[in-house]
Amino acid sequence: MKKPLESARDVASATGDVIAKTAGFFTSTFIGIGRGIFQPLSNTPSSVPRAEPGAAPGIEQYLHAEDSSAFVSVAIIDYGEGYTLRKDFDNIADAIAHPKPENPHVRWININGLKPSVVDTVCKQFGFHTLSAEDVIYTNQRPKLEVFEDHYFVVARQIHLIGERLKNEQISFFLTNDTLISFQEVEGDVFDPVRRRMENKTGRFRLYKTDYLFYALLDSIVDHLFPLLEGYGAALEDLDYVILQDPSPETQQHLFALKRDISLLRRALWPLREVVDQLYRDESHIIHDELKSFYRDVQDHSIQIIDLLETYRETASSLSDLYQSAVGNKMNETMKVLTIMASFFIPITFVAGVYGMNFEYIPELSWKYAYAAFWGVCLTITSSLAVFFWRKGWIGK
Amino acid sequence: MKKPLESARDVASATGDVIAKTAGFFTSTFIGIGRGIFQPLSNTPSSVPRAEPGAAPGIEQYLHAEDSSAFVSVAIIDYGEGYTLRKDFDNIADAIAHPKPENPHVRWININGLKPSVVDTVCKQFGFHTLSAEDVIYTNQRPKLEVFEDHYFVVARQIHLIGERLKNEQISFFLTNDTLISFQEVEGDVFDPVRRRMENKTGRFRLYKTDYLFYALLDSIVDHLFPLLEGYGAALEDLDYVILQDPSPETQQHLFALKRDISLLRRALWPLREVVDQLYRDESHIIHDELKSFYRDVQDHSIQIIDLLETYRETASSLSDLYQSAVGNKMNETMKVLTIMASFFIPITFVAGVYGMNFEYIPELSWKYAYAAFWGVCLTITSSLAVFFWRKGWIGK
Amino acid sequence: MKKPLESARDVASATGDVIAKTAGFFTSTFIGIGRGIFQPLSNTPSSVPRAEPGAAPGIEQYLHAEDSSAFVSVAIIDYGEGYTLRKDFDNIADAIAHPKPENPHVRWININGLKPSVVDTVCKQFGFHTLSAEDVIYTNQRPKLEVFEDHYFVVARQIHLIGERLKNEQISFFLTNDTLISFQEVEGDVFDPVRRRMENKTGRFRLYKTDYLFYALLDSIVDHLFPLLEGYGAALEDLDYVILQDPSPETQQHLFALKRDISLLRRALWPLREVVDQLYRDESHIIHDELKSFYRDVQDHSIQIIDLLETYRETASSLSDLYQSAVGNKMNETMKVLTIMASFFIPITFVAGVYGMNFEYIPELSWKYAYAAFWGVCLTITSSLAVFFWRKGWIGK
Amino acid sequence: MKKPLESARDVASATGDVIAKTAGFFTSTFIGIGRGIFQPLSNTPSSVPRAEPGAAPGIEQYLHAEDSSAFVSVAIIDYGEGYTLRKDFDNIADAIAHPKPENPHVRWININGLKPSVVDTVCKQFGFHTLSAEDVIYTNQRPKLEVFEDHYFVVARQIHLIGERLKNEQISFFLTNDTLISFQEVEGDVFDPVRRRMENKTGRFRLYKTDYLFYALLDSIVDHLFPLLEGYGAALEDLDYVILQDPSPETQQHLFALKRDISLLRRALWPLREVVDQLYRDESHIIHDELKSFYRDVQDHSIQIIDLLETYRETASSLSDLYQSAVGNKMNETMKVLTIMASFFIPITFVAGVYGMNFEYIPELSWKYAYAAFWGVCLTITSSLAVFFWRKGWIGK
Amino acid sequence: MKKPLESARDVASATGDVIAKTAGFFTSTFIGIGRGIFQPLSNTPSSVPRAEPGAAPGIEQYLHAEDSSAFVSVAIIDYGEGYTLRKDFDNIADAIAHPKPENPHVRWININGLKPSVVDTVCKQFGFHTLSAEDVIYTNQRPKLEVFEDHYFVVARQIHLIGERLKNEQISFFLTNDTLISFQEVEGDVFDPVRRRMENKTGRFRLYKTDYLFYALLDSIVDHLFPLLEGYGAALEDLDYVILQDPSPETQQHLFALKRDISLLRRALWPLREVVDQLYRDESHIIHDELKSFYRDVQDHSIQIIDLLETYRETASSLSDLYQSAVGNKMNETMKVLTIMASFFIPITFVAGVYGMNFEYIPELSWKYAYAAFWGVCLTITSSLAVFFWRKGWIGK
């Protein structure tokens, strides 16, 4: 039978290609991630300085401080019976003026880059609350759902690789009956599979309205977390292996970083679960009853992820104990080496010292076999000690 | 009176033959189990690769990636007033075409192996939701109950020995009024006692419909956990014994593995308890009121198991403390040996060194009894130290 | 003023004669108790082997495996206006055939020994559920209340001394309007004071029916736990004292056993509290409203006990910390002795070594007062070091 | 700027005269307190031995075991429009016979000393439940409120200095519309300020009935806890200071005692908060609506106290960690001293040993400057080591 | 790629100018803060001595002990359609007599300094409860909301820099329909941005009444906590860095202070969240429905802050573990140095001792190459040991 640690590693290494990239990322550089939950790791063009505490609420205060060179791109996708039209814009005025196709079904307006004036324009156009607009701009929100009379405002967070770094990015959604508006901090997201599915001229996208589109986006956000979590799982397995082989301070530091990351992820995902739960239970007309099963599925996945995080947290905490024990054992071993070395040589060094004395009358000095006897004494002492240590289990184990 | 540890071991060793096999398994190889809760330990023929995150929901996405050589077996048991008929199939088309006996009572369709096309066929035939079908295929679900208009969808987990390894396997049930469909990952399950009871031509199986059959299966799953838990209990007792005798790093690693396993089991069983609770309280027509007592009994057993796991968790945590103390005590002992050895010989080695000096005027060197006096001084010093250490309780305790 | 530890011991030793026996028991042998919560400490004649997992539910499965030589005794007490009659039987048929006195009031049937056929006979006679009968036989139940149409089924646990061992015994009650049936595992219980009170021809026993009898039994079970808990309290005080005097590995092991016992007791008593709470709130006709105050009193006592256990648990956990510190301090002390010894002699041994060298030109060797100077140097070095250690607080504190 | 520890001590020492006495008490002897929560610290004349478990419920069982020499004093205060009359009795018969003044308003009967016959007489006279009477006598109750048709029964606990010891004393109240009866274990309480306020011929005492009197007593009990808690706070500050200066085992023991005391206080105060909450929400006629604000105020203070205790508990737990670190640091330091001493002298002692050898051909022995060279070598070795240790930060920091 | 610690520090150092001041404050002097939650750090002129426990409730008891020289300042701001008028007073009589402008809209009376007579005058004038007045004076309240028929009484806490120290100050608000009265302990607050916004002749201040003003003040209090928390975050990052470089006792003490501060802040903010929640849900007429979104926004921010504190608490706890590990590693290293030094020299010193003996017959002494052989032996021994240590990974790693 294989040794358990190795089989665990086998399992970890066998979880397929999707995980591989993330896992590879983790084992080499994982201690950088997670810190980004509240403080984005990479700068984004549209990030705004925090408004002075006590300033007037709403987006207005951010307008004057806007970095006018910031880049914003808008993508509008209209789809309906038998067609999917996509058009890109690089300014918001054109985008808003973009005419709806005849026989309109659903319009998805996705905006990359958080320029205050753009957010303000959109919110004014559609009649969204100025505090919602501020939450879009100021990207430290926890996931939340705010129910308004004719629309939902939802804040979620996507965690994905951009280049070599994991990015924890806020996405804000405004969900009305026939239009979904999403704001992302930067270019690049986890929605490409959804976009590909929208190209398909038949299927559920044609049957339902924005509620299905929104479900698909949320589902994509949540499902993209699984490979990430499996990466963490693999990193924990690795740490288990490393701690038992060679518990260095670096190991403990890695463990510390992992614990912090897990704690941050938990704090970011817990409210998301509540958002989905609220959506699932909501009785407004925006979400069709037939789609409730789908939202329940997303909720299920969120719970699975939180469960997994909880398991990882306990594992990390046990690993911390394991590390402490490993260090204790190492110290014990060092101490044993010292004690054994010292115990073997200190007594016989004393004996040698005795016969190095210059007293005039030391009878043994002139005995013929004294020197041989000396070695005999040394041998006796050391072998007695060896037996003693052997019975204590310190040597020859 | 016996020493407590030994009596505890007696108790552990006296718990009968059923436990023996499991317990033996544990004490030799227990550190491999439990890891399988979320990541099955042994590969199963029907396991499917995870779909790409963001792909369309439902079972359809899994169809194209199907391993067509995977093996699936179907067993249909029909029973009613005075008869029990069993027939095995190796493809799903024949099974579905299999005619019901006249005067039909209850049909149980048990499918081993999770081939997407098979699951899809069955679900389409009976009108089950495509997301349920996906949950059947993707075997990382937590236990859950989903109530549909005319059927329940239940996910449970059975943990049983397959060969030499513990397997944590997902079982999915579709429960309608007169048909129970179950999907298992591999051949081999914990239901053989139930099958034998079904052969019995009279008894409760004839009185009730699928609700009693489903109860019998659930009950069998839960009851099979007791010997498993007693195995864990015995393993904990063993660790207690080992830690006090010889706390090695391996012990700590075993303890770590046990803690992780217990944590995983808890996470797997907790939702099961909720499922049974929901079933017990459910007011639909599928479960007869007279059977509620039986479901309450299953619930009782689930709570007992969770209680036991909780106790084990606390015990494991105390053992962790005990281990740390044992290591501390060992180190203390090593240190004492070193200190005693060094303290005895360092002073007298110094004295010997003094009279090994080559000063011209050292009056003692020429005294007649100087050498004897030297030994007297050595004896005095060492016996003073011995008294000192004896009063500190370090020697002669 | 007395030293706190001693005064604590005074308190512990002054808590009267009832506690003395238990406390004495604990301080000598307490580490054996508690393990019995789920696994009875002493074998009882009626204990049955666990049925095979998956077997048919109910008591029937136990009948064929019955040990027919097992001993069962039945005691029937009838009491009513002005009389109390008691009769003992050694087989169940006679007991059931025993005629009720005229003008009957309340009958208490107490059965010692859990023979499946006996339990089955009684349950069939009175119409109790077969699953209840199974719970009576299989004595690992948590305390629970099951409400049936015309009777309650209650499982409780009494913990009492049998000979020199604490026994954790399941008692099952069936409570109807005018009959109370109790099943105990073995002879010997905590109900003797209640039996004596029943002899009293007047009093509340005549005013109320089985509800008062049942209250009296429950009250006796709960009240018998107080001396037990005070014994634990005294054992904890002792451990506190011992840890500060001489923290040996045995101490830690005792503490570990205490923690486990407290955890097990908590887990056994917590559901009892819920049972009493349910009884107190129950709206059926079996418990008279006037007796609610009495049930509330039992509930109060249960809460007091759980509170006490909670306190003990925290104390035990603090003692664990205290132990770790005590070990740390001991090691520190050992290290100090070593360091002081080594530091005093290592430098002067070097000096002695220097003048033991055989160089031809060592001018000091021929100085007249060299030897005296040597001792002066040694004295200077050691006294400097003594001052250094004294200022560090290591010696002469 | 001052060093933080000192400023903290300044704060602690500046909190006024009321605290001073308590704080002084704590810093010298605090480890004795708190143990009294469940086991009174000082014996009280009226304490009764616990009744045998299983005895009949109610006060009757205590009557025969009464210590007839026990002292009881009764004080009756009648107050109403324009008068406050106080009369003391030393037996209960006279007190009960004491006539009410004309135009009676409120009567407060305060009884010091818990003689079963006295409690029984009072309860029979006023028609209180025999279980309440037992709770008065048996002084281990948790704070609780029991609502009867025409009166409340309230158990509370006052913690106050009697002589040099903190006493945790049970007070039981029976609260009817126009009479408040209170039972205290011993003479001496925290109600003197209330008595003084009652002398005042006008004020709220004249406006309301027993509800205001009861509020005033409860308020006095709760407010007397604040100086006590500030004493604990100061003791914690002191421990913080002491641990950083000189972490001795005594410190850890003090911390342990503090933790236990805080845990006991928490357990005693938590139910009090619930009692006040129940009173505040109660809809009976005994408490006037206008007084609800006052009861809310008491509740507020209870929550403040529990909050403070929670903070202390966390602080004590952090101090425990701090202590462990301090001990670890001390050991590290000891180890460094040993290592430095040993490292400096062991190599050069070896060199000296080499030239103490008696080989016939050791060329160096006859070199002219060999001795000087020897010292040079010694100097080189030690200074290299000094540089090594200095770079490691062990010396000269 | 950068090392993670450094990048974390970069992030911390890049969070803009607002944080810089606070962060700078923390890293130099943070261990002084937080202690002030319950015991204000700097004395304020109006602080009053605590009333004797048991004294009459209400503000009256504080009047006689008033420090008549204490300074109080009152600022009245009236605003309405098109005007904002501010007037300052230094005594309360003038302020109360100050006439309202015609066409009055909202009046804000802000009082700095808590002189009992002033509070009493105001509360009598407006008919506020005497217990509320006492809560204003006695500044240890937890944040709370008390709903009266025609006004709210709200206690909040602002934490802000005064000079070089963080001050934790109680602010009490009385909120009626058209007047807001606030009491602050000292001059200086976090409301200047709000005052500036009130100067603006248009805007929401003109649309709503005191509810918007109160929202603006609360929002300012909560928003001022963000830079504070970011300061704590930066301090934690710094500690992480320091612990890994050089874990000194001071580090542990800083960590201890941080943990205490975080615990105190949590305890101060948690009830604030509840207050805002109550306000948000309150159905009285004082808060307009249109403003509910704004109150929800404040609540959102409170939750974000509590979330952040929770994260910090976990991080601090992990840092504590990390510190323990770092100390353990350091000790291990010290031990290794000692063991290596001792192991290298103890054996060869023995060999040197052997040939320093004065036996007459030691054949080696006269061998020609004995001395060279001696060095050879020494070299062999030390290099064997070096290999041994190298394979253990202790040297040359």
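# Close-up views of a predicted model

**Figure 1. Chain E and chain A related by rotation.** In this predicted model, a rotation of 72° with 0.0 Å of shift along its axis superposes chain E on chain A, with an RMSD of 0.1 Å. The two copies are thus related as by a five-fold rotation axis. Within chain E, the C-alpha nearest the axis belongs to G356(E), which lies 4.6 Å from it. Only 14% of the interface residues of chain E are also interface residues in chain A, so the copies meet through different surfaces.

**Figure 2. Chain A on its own.** Chain A contains 13 helices and seven strands, and 63% of its 397 residues count as buried. Among the contacts in chain A with a separation of 6 or more, 67% are made by residues 24 or more positions apart. Chain A exposes about 15,500 Å², of which carbon and sulfur atoms supply 54%.

Figure 3. A rotation of 72° with 0.0 Å of shift along its axis superposes chain A on chain B, here with an RMSD of 0.0 Å. In chain A, the C-alpha nearest the axis is that of G356(A), at 4.7 Å from it. The copies use different surfaces, in that 14% of the contact residues of chain A recur in chain B. To the contact, chain A brings 73 residues and chain B brings 66 residues, and between them the two chains bury about 6,000 Å², with 61% of it on carbon and sulfur atoms. On the side of chain A, the residues that lose the most area to chain B are F350(A), N358(A) and F359(A), which together account for 11% of what that side buries. Eight salt bridges are found across the interface of chain A and chain B; D307(A) and R142(B) meet through their side chains in a salt bridge with an N to O distance of 3.4 Å.

**Figure 4. The surroundings of S220(A).** S220(A) is placed in helix α9 of chain A, which spans residues 210–223. With a relative accessible area of 0%, S220(A) is buried. Leaving aside residues up to four places away in sequence, S220(A) touches V190(A), F191(A) and V194(A), and also G54(B) of chain B.

**Figure 5. The nonpolar core around F374(E).** The largest nonpolar core has 125 residues, and the members that touch the most others are F374(A), F374(B), F374(C), F374(D) and F374(E). Taking F374(E) and not counting residues up to four places away in sequence, the contacts in chain D are F350(D), V354(D), M357(D) and F359(D), while those in chain E are V351(E) and A352(E). In soluble globular proteins, nonpolar side chains tend to be buried together.

**Figure 6. The interface of chain E and chain A.** Here 74 residues of chain E are in contact with 67 residues of chain A, and the two chains bury about 6,000 Å² between them, 61% of it on carbon and sulfur atoms. In chain E, F350(E), N358(E) and F359(E) lose the most area to chain A, and together they make up 11% of what that side buries. Eight salt bridges are found across the interface of chain E and chain A, and one pairs E314(E) with R266(A), whose closest N and O atoms are 3.6 Å apart. The side chains of D240(E) and R260(A) also meet in a salt bridge, at 3.9 Å from N to O. D240(E) lies in helix α10 (residues 225–245) of chain E and R260(A) in helix α11 (residues 249–281) of chain A, so the pair joins two chains; both D240(E) and R260(A) are buried. A network of salt bridges links D135(A), K144(A) and E146(A) with R296(E) and D300(E).

**Figure 7. Salt bridges between chains and within a helix.** Over all chains, the count comes to 100 salt bridges. R266(D) forms a salt bridge with E314(C), with the closest N and O atoms 3.6 Å apart. Because R266(D) lies in helix α11 (residues 249–281) of chain D and E314(C) in helix α12 (residues 292–354) of chain C, this pair joins two chains. R266(D) is buried at a relative accessible area of 15%, whereas E314(C), at 21%, counts as partly exposed. In the salt bridge of D120(D) with K124(D), the closest N and O atoms are 3.0 Å apart. D120(D) and K124(D) are four residues apart in helix α5 (residues 116–126) of chain D, and are therefore separated by about one helical turn. D120(D) is buried, with a relative accessible area of 11%, while K124(D) is exposed, with a relative accessible area of 57%.

Conventions: Residues numbered from 1 in each chain as written. Chains lettered and ligands numbered in written order. Predicted model: local features only at pLDDT ≥ 70, side-chain atom pairs only at ≥ 80, totals over all residues. Heavy atoms only, no water. Least-squares fit on C-alpha atoms with pLDDT ≥ 70 in both. Contact = heavy atoms within 4.5 Å. Buried < 20%, exposed > 50% of the residue type's maximum accessible area, 1.4 Å probe, protein only. Areas by Shrake-Rupley, 256 points an atom, 1.4 Å probe, with all protein chains shown as cover. Core = buried A, V, L, I, M, F, W, Y, C linked by side-chain atoms within 4.5 Å. Buried area = accessible area lost by both parts, 1.4 Å probe. Salt bridge = Lys/Arg side-chain N within 4 Å of Asp/Glu carboxyl O.
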